[in-house]
Structures are given as C-alpha cells and as structure tokens.
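Please read them alongside the coordinates.

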Amino acid sequence: RLEFGRVRVQRRLEQEDGTVAYVTEEAEKLDIDWMRHDDSEPSLKTQWVLNGRTTTRAVFGPRGYYWMHDGDAFTAINAQTHPDDVAEIQQHRRLARALIDVALLEKLTVDGSIWNLVDDPYYPGIALKRTPPASQPKALKFMLWLDKTTLDPYAIRVDPIERGASILHYRFTHTPGYPAIEGAEIRFPQKITVLEQRIVEQEPKIAMELWMRKVIFNGVERTAFAPPKSKPR
C-alpha cells in the first residue's frame with residue numbers, strides 16, 4: 001500500500017479547435033493498493049481525493065476486471081467504454097510495480113533477470129538495463145540510473161507493456177526518515193516525478209509529482225480489489 005500526502009497532476013486536454021492544453025490539478029490525497037499474482041497481471045486500486053471528492057478506480061488482475069466508483073455509485077468499465085480511466089489504471093499499475101521493483105532491487109538480482117551496464121547518457125550516473133527472465137514475459141523492462149556518489153536509484157525509464165502505452169520516466173528524491181515504512185527494512189524515495197513520453201522522438205512531459213507519506217508491505221488483502229456491494233449503474 002502506497003499512501004501519498006500530496007499529488008500534482010498534469011492533464012492533457014484536447015480543445016475543440018484541435019489544439020492541446022495542459023492543466024495542473026492538485027489532489028489532497030492518493031492511496032494505491034497493489035498486489036502481485038503469480039499467474040496474472042497485478043491487481044491495483046487507486047483512491048483519489050480531489051476538490052473534496054473521492055474517486056476510486058481498480059482492476060482485479062486474475063479476472064482483468066476493471067471498475068470505478070465516483071462516490072455515489074460504481075461502474076464496471078473496459079478499454080472500449082472508458083479508455084482514459086483504463087489507461088490511467090494501467091499507468092498507475094506500472095508506477096506501483098516500478099516503485100516496488102526499485103525498492104527491492106536485490107530480489108531482481110536473483111529472479112533470473114539479466115542486468116547490463118550500458119552507456120546511456122540520457123541521465124547522469126551509472127546506467128543499468130534490466131531484462132526480465134523469459135518466464136516473466138509481462139514483467140517490466142527498464143533502464144535504471146544510480147547516483148554515482150550514493151548509489152541510490154534516482155531515475156528509471158520504463159518501456160510500455162500495454163498496447164499503445166507511453167514510455168514512462170520516474171525521477172526519485174530520497175529524504176532521510178521519509179516516508180514511514182511498515183513491514184520491511186528498506187529505503188524508499190519520498191518524492192516521485194513521473195514523465196510521459198508518447199513516442200520515442202518526443203521529449204518527456206511531466207505527468208505527475210507525488211510526495212509519499214507511508215509505505216505498507218504485506219498489508220493488502222484480495223478483498224481490497226472487489227467492487228462495492230451495490231448494484232452497478
């Protein structure tokens with residue numbers, strides 16, 4: 001479970017004349033529940049508090065079942081009926097997976113992943129390329145940069161694993177003592193900046209800035225991803 005105390009989101013809005021405008025919104029809160037499954041994509045639930053209104057979006061990985069709740073009623077959704085909501089869920093699922101992978105790098109050194117030291121000056125520092133094992137074809141492929149002095153992972157570029165998804169860049173800032181961590185003895189970045197790169201030729205644009213408040217390991221149950229017990233609209 002990832003709890004963020006402050007979130008800034010950059011939204012891309014297409015205007016009637018075909019131009020694109022970017023609007024920045026600030027959420028009071030964002031909670032992400034994430035669960036790994038051995039035989040399916042991970043499950044994820046996000047709960048936003050924006051302008052005093054709570055919105056929940058989720059996917060239960062084993063069934064590929066997506067739903068959302070706007071504070072009054074829940075709706076079963078899919079990529080055809082709610083493409084933006086499903087794309088946001090998939091983006092947050094990759095965000096959570098990338099954060100946990102980076103926090104548990106030691107685990108990725110013994111799972112059969114191939115790591116190559118590469119010459120990639122996109123960011124300063126030491127660049128490492130992770131290729132997941134063949135037994136995990138849907139695991140994240142990413143490039144990781146380590147700070148030369150502290151060896152903290154401070155930047156990561158994640159290749160898309162969903163059709164039509166963007167390349168995502170994450171920049172991490174570590175702050176001693178933050179966030180609070182329960183259930184594990186590890187370090188975790190306190191601030192995460194997410195940048196989206198729609199095509200390789202395009203420069204990444206800031207999509208989100210998140211300030212993490214708390215991380216809880218092994219505290220999420222499968223029932224967290226079940227929709228509310230009310231009739232769908």
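1. The largest cavity in this predicted model holds about 30 Å³ of space, and the count of cavities of 30 Å³ or more comes to 1. Its lining is made up of Val9, Arg11, Glu25, Glu26, Ala27, Trp48 and Leu50, which by class gives 4 nonpolar, no polar and 3 charged residues.

2. Strand 1 (2–14), strand 2 (20–27) and strand 4 (43–50) each contribute at least two residues to the lining of the largest cavity, with strand 2 supplying the largest share, 3 residues.

3. Turning to charged pairs, the structure contains 19 salt bridges. One of them joins Arg53 to Asp72, with the closest N and O atoms 3.7 Å apart; because Arg53 lies in strand 5 (residues 53–60) and Asp72 in the loop between strand 6 (65–69) and strand 7 (74–77), the pair ties together parts that are 19 residues apart in sequence. Arg53 is partly exposed at 45% relative accessibility, whereas Asp72, at 64%, is exposed.

4. A salt bridge also forms between the side chains of Glu88 and Arg57, at 2.9 Å from N to O. Glu88 belongs to helix 1 (residues 83–103) and Arg57 to strand 5, so this pair ties together parts that are 31 residues apart in sequence; both residues are buried.

5. Lys191 and Glu209 meet through their side chains in a salt bridge of 3.4 Å, N to O. Since Lys191 lies in strand 14 (residues 191–197) and Glu209 in strand 15 (residues 205–216), the pair ties together parts that are 18 residues apart in sequence, and Glu209 is buried, with a relative accessible area of 15%.

6. Finally, a network of salt bridges links Arg1, Glu3, Lys29, Asp31, Asp33, Lys45 and Arg213.

Definitions and conventions. Residues are numbered from 1 along each chain as its sequence is written. This is a predicted model: local features need pLDDT of at least 70, side-chain atom pairs count only at pLDDT 80 or more; totals for chains, interfaces and linings use all residues. Side-chain values use heavy atoms; hydrogens and water are left out. On a 1 Å grid over the protein atoms alone, a cavity is a set of points where a 1.4 Å probe fits but cannot get out, and a pocket is an open set with protein on both sides within 12 Å along at least five of seven lines; lining residues have an atom within 4 Å of a point. Grid points are joined across faces, edges and corners, and a volume is the space filled by probe spheres set on the points. Helices (H or I, at least four residues) and strands (E, at least two) are DSSP runs, numbered from the N terminus. Ala, Val, Leu, Ile, Met, Phe, Trp, Tyr, Cys and Pro count as nonpolar, Asp, Glu, Lys and Arg as charged, and the others, Gly among them, as polar. A salt bridge is a side-chain nitrogen of Lys or Arg within 4 Å of a carboxyl oxygen of Asp or Glu. Buried means under 20% relative accessible area, exposed over 50%, partly exposed in between (1.4 Å probe, protein chains only).
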